[in-house]
Amino acid sequence: MLNVLKKDLYILYHKKIFMATLIILTLLISYICLHDINNAYKCGKSYQHFFTIVFDPAKQSILTAFFYIIPLLVVLPFSDTWINEVKMTDIIFTRIQRYKFFISKYIISFLSGFLILFIPLMIAYIAEIVTLDFNDNVLNILAYSIPEHSIASMARNYAFYELYVQHPYVYIIMFNLIISMFGGLYAISAFSISLLVNNKVIPYIAVFFFSVISLLLISFLPTPFGYYSIQRISQPFTNFDIPMIIYIVWFLFFIICNGITYLIYLRRDAFGEE
């Protein structure tokens with residue numbers, strides 16, 4: 001099992017698309033965050049600045065687009081590995097048990113989607129914290145949109161608002177993790193789809209269309225259900241207090257859908273029986 005994981009990690013690390021996407025995202029997010037760092041006080045505290053990007057409409061548009069194209073970004077590195085290896089399964093499955101092979105693929109798929117978001121987000125965030133500390137040791141306490149001492153106001157505008165008030169820097173790290181975890185879930189979903197279709201393009205775009213269609217459908221629901229799309233709950237300034245159960249439901253949804261997809265593959269595949 002460990003040898004299979006090492007092999008898949010080696011494949012991921014040496015994929016040019018993985019490194020290229022990682023570098024481009026790191027540079028882009030870092031630029032957006034650091035470009036106007038000297039004027040960060042206009043926006044409020046540094047942890048707010050990280051996601052609100054002052055009030056520059058162009059950069060806000062880039063950030064919004066980032067949340068919408070995540071399903072496209074995270075599937076590029078690893079979702080096509082099964083299509084590339086499927087013709088060799090008659091040899092592969094004689095050397096390794098099938099379940100170990102697929103466990104490795106799912107783990108590395110999740111890791112690829114997770115890392116391609118988490119590394120750029122954290123590098124940009126750390127760079128901004130360091131830069132702000134060098135520019136101004138005292139974080140400005142100007143309110144960004146609402147008084148931060150008002151818990152009632154915070155409750156209406158932020159998921160996990162108590163963490164936001166007490167540990168703002170941890171709050172942003174937590175959302176970096178949430179965003180990256182959804183990236184990992186999108187990535188394993190694309191891999192699962194690749195098990196059923198002999199086409200590289202469909203796994204790339206399928207999860208993207210799912211994210212867009214689910215966003216549109218959920219947006220028609222009454223409040224508060226209309227706020228529960230993945231794009232909304234993965235952004236810190238949610239404009240609504242999102243219960244933890246919503247994140248758990250989405251996580252279980254992805255796990256169940258991927259499990260069903262894998263079972264369909266087993267019923268179709270000639271190697272479905274041990």
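In which handedness of crossing does helix 10 pass helix 13? I looked this up in a predicted model, and helix 10 passes helix 13 in a left-handed crossing.

**Entry 1: the helix pair.** I checked the geometry next. Helix 10 and helix 13 pack at an angle of about 15°, and their axes lie 9 Å apart. Angles under 35 degrees count as roughly parallel, so I put these two helices down as roughly parallel to each other.

**Entry 2: who touches whom.** On the helix 10 side I listed F175, I178, M181, F182, L185, Y186, I188, S189, S192 and I193. Helix 13 brings Y247, W250, F251, F254, I255, N258 and T261 to the contact. I sorted the residues of this contact by type and got 13 nonpolar, four polar and no charged.

**Entry 3: T261.** Is T261 buried or exposed? Its relative accessible area is 16% and the cut-off for buried is under 20%, so I call T261 buried. Leaving out residues up to four places away in sequence, T261 touches S192, I193 and L196.

**Entry 4: the core.** I then turned to the largest nonpolar core, which has 56 residues. F66, F102, F182 and Y247 have the most contacts inside it. Elements giving two or more residues to this core include helix 1 (2–13), helix 4 (57–74), helix 7 (98–135), helix 10 (168–194) and helix 13 (244–268). Which helix gives the most to this core? I found that helix 10 does, with 12 residues. I also noted that F182 and Y247 turn up again in the contact of helix 10 with helix 13.

Note on methods:
Residues are numbered from 1 along each chain as its sequence is written. This is a predicted model: local features need pLDDT of at least 70, side-chain atom pairs count only at pLDDT 80 or more; totals for chains, interfaces and linings use all residues. Side-chain values use heavy atoms; hydrogens and water are left out. A nonpolar core is a set of buried Ala, Val, Leu, Ile, Met, Phe, Trp, Tyr and Cys residues joined through side-chain atoms within 4.5 Å. Buried means under 20% relative accessible area, exposed over 50%, partly exposed in between (1.4 Å probe, protein chains only). Helices (H or I, at least four residues) and strands (E, at least two) are DSSP runs, numbered from the N terminus. Axes are lines fitted to C-alpha atoms, for helices over the stretch in contact, and angles run from 0 to 180 degrees between N-to-C directions. Angles under 35 degrees count as roughly parallel, over 145 as roughly antiparallel, 65 to 115 as roughly perpendicular and the rest as oblique. A crossing is left-handed if the near helix is turned anticlockwise from the far one by less than a right angle, and right-handed if clockwise. Contact means heavy atoms within 4.5 Å. Ala, Val, Leu, Ile, Met, Phe, Trp, Tyr, Cys and Pro count as nonpolar, Asp, Glu, Lys and Arg as charged, and the others, Gly among them, as polar.
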